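Have a look at the model first.

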Amino acid sequence: MVTNRTLSCDIAIIGGGLGGVAAALAACDAGASVVLTEATDWLGGQATSQGVSALDEHRYIETFGATRRYAAFREAIRDHYRRRYGIAAMPDGSPLNPGDAWVSALCFEPRVGVSVIEAMLAPHVAAGRLTILRNYAPISAIVPGDAITSVTVTGADGDVTIAARFFLDATDLGDLLPLTGAPWVTGAEARSDTGEADAPEEARPGEVQGFTFCFAVEYRPGEDHTIPKPEGYERLRDSQPFTLTLTAADGAPRPFRVFETGPTGLPPFWTYRRLLSGRLLDPSGTLCDVAMINWNANDYHHADLIGATPEERTHILDEARRLSLSFLYWLQTEVPRDDGSGYGYPGLRLLPDVMGTKDGLSKAPYIRESRRIQALRRVTANDILAAERTTARAAHFPDSCGVGWYFMDLHPAVGNPRSMFAPTLPFQIPLGALIPQRPTNLLAACKNIGTTHLSNGSYRLHPVEWNIGEAAGALAAFCLTHAMQPREVWEGRELRMFQRHLLEQGIPLAWTVDVPPEHPHFIPTQMLLLEGALEGNGPRAASLDIAPNTPIDRADAPAVLRALLRAAGSPSEPVIDPAFDHQPLSRAEAAATLALVGASTAGISDPPTWSDLCEALRLLL
């Protein structure tokens with residue numbers, strides 16, 4: 001029976017992807033009541049319902065650069081496979097990667113990600129703090145004045161109107177933005193707007209990155225699992241075109257083979273995003289590999305979902321599904337065999353159960369680019385690109401609410417077949433990028449934050465989206481507690497209070513790879529960096545290591561001491577004696593500066609170390 005009902009809560013989170021899940025965890029942990037909606041029946045977005053359960057991360061992910069909750073999510077996935085197969089770690093002792101893929105340190109079956117997320121949320125559901133509405137999508141909002149009062153979502157059982165104090169848009173296409181009157185943009189901005197060298201001369205709102213229907217296969221040699229030839233196969237094959245040869249940034253070909261190492265030494269296509277390694281998990285050889293296919297060949301970049309009418313969207317999604325199935329058919333029938341004996345691997349068997357669908361494709365398309373809010377702070381490519389920077393970190397954001405790192409990875413977009421994979425530096429997530437210009441009680445909680453078309457290519461990946469959502473959920477709960485609006489927190493003295501709360505939750509706000517959240521000096525180190533401790537040109541600015549037990553270099557000393565005074569709330573200037581000509585900061589200078597804020601100088605080394613200043617600041621904090 002179709003019903004119309006109303007729910008009331010503190011925080012409504014529309015969209016149950018990684019950002020929405022992380023937001024719900026942070027808000028519920030803070031004691032807020034939450035309603036979380038999801039358009040499919042699987043929570044987890046890109047890691048589950050969209051099929052990309054080979055996590056796109058960075059090389060420090062096992063020890064730094066993720067929130068404590070995201071690390072718990074990863075560890076719970078590994079625990080599942082440890083219990084299931086009795087494999088504790090990789091053969092070389094590194095952390096377990098069930099797929100042993102070369103693109104990611106953690107690859108797994110989407111269903112496992114769903115079960116882990118459900119288990120993380122279960123205590124809040126049982127306590128009555130969290131209500132989850134699966135298979136519901138937003139259709140309207142009530143926004144009298146400059147604040148949202150309710151959002152209505154619709155599903156098979158009818159409509160549900162959700163009244164809340166704060167609303168978070170965690171949908172993959174930013175679906176809440178047009179419903180609430182929030183200003184937003186899509187596609188590529190003009191170079192004159194962003195100052196980005198790779199931006200087009202004129203804005204191209206329809207130039208949105210392609211999306212992908214992922215699928216999973218196993219290989220059974222000697223068997224024939226060839227699917228029926230999809231409608232329009234030849235056209236789709238030739239227009240993409242289907243190939244295992246990619247193109248490097250300099251135009252050079254990068255040829256891959258299916259199961260063997262390529263002619264130039266590239267690893268096999270098969271192990272690129274392999275979710276299960278049969279030999280790793282079952283040395284007897286009875287367990288088949290499971291590979292997830294998410295390749296340039298099945299990226300659909302021929303039409304823009306965001307600007308499409310409902311009828312057009314139906315056609316676009318249908319063609320995108322046929323594109324992925326056509327790529328599978330090509331692999332089964334036409335890809336050159338590694339040994340040169342012919343074409344096609346008919347033993348490739350589509351696995352619908354892995355994706356939880358009848359057709360074997362992911363429940364939802366893997367979305368790379370959303371509507372983006374016009375935010376209080378916008379991140380551009382110039383903030384994060386590594387080119388021409390001498391520091392170890394990207395541009396410093398004093399309002400940071402998290403960190404991330406990934407190449408600026410842009411797939412072909414509508415009207416632009418160009419790909420980009422540009423190096424970046426480890427970056428921060430500015431809180432202002434989560435806060436739209438209006439409405440006052442709306443926050444962006446996934447890849448819909450204030451980035452540009454280009455910088456979005458780095459901020460859309462799994463751990464970054466999780467961090468964005470977690471920060472948004474924490475901010476909404478903080479605003480409830482302190483009777484404030486997000487913009488007031490961002491603009492006011494409460495910003496440092498909120499950031500301190502994030503640090504206590506295990507969310508790094510600056511890159512300090514040798515001072516992780518478990519380190520005793522984590523919070524004071526992070527506070528010093530937020531206050532600009534690395535504005536100098538010393539060795540710490542040139543490294544992601546803080547080296548807490550080494551002396552403060554003369555080149556870093558003024559910025560470090562100034563940051564210490566700011567963190568302690570003092571307007572004073574540090575004591576820097578020009579008579580000292582040795583390289584490290586002197587104990588006398590450190591002690592004189594600390595005296596300005598009444599900090600103890602007992603135990604200060606000569607020369608003083610970073611740890612000495614952190615200990616003094618920790619006592620003040």
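In what follows, Ala, Val, Leu, Ile, Met, Phe, Trp, Tyr, Cys and Pro count as nonpolar, Asp, Glu, Lys and Arg as charged, and the others, Gly among them, as polar. This is a predicted model, where local features need pLDDT of at least 70, side-chain atom pairs count only at pLDDT 80 or more, and totals for chains, interfaces and linings use all residues. Residues are numbered from 1 along each chain as its sequence is written, and side-chain values use heavy atoms, with hydrogens and water left out.

On to the pockets. The lining of the largest pocket splits into 25 nonpolar, 13 polar and eleven charged residues. Strands S12 (245-247), S20 (408-410) and S21 (420-422) each supply at least two residues of that lining; strands here are DSSP E runs of at least two residues, and helices are H or I runs of at least four, numbered from the N terminus.

Now for helix H2 (residues 68-85). After H2 comes Gly86, with a positive phi near 70 degrees. Among the buried residues of H2 are Arg69, Tyr70 and Phe73, where buried means under 20% relative accessible area (1.4 Å probe, protein chains only).

Finally, find Asn467 in helix H12. Is Asn467 buried or exposed? Asn467 counts as buried because its relative accessibility is 1%. Leaving aside residues up to four places away in sequence, Asn467 touches Thr67, Cys401, Gly402, Val403, Ile429 and Ile507, a contact being heavy atoms within 4.5 Å.

Conventions
Buried means under 20% relative accessible area, exposed over 50%, partly exposed in between (1.4 Å probe, protein chains only).
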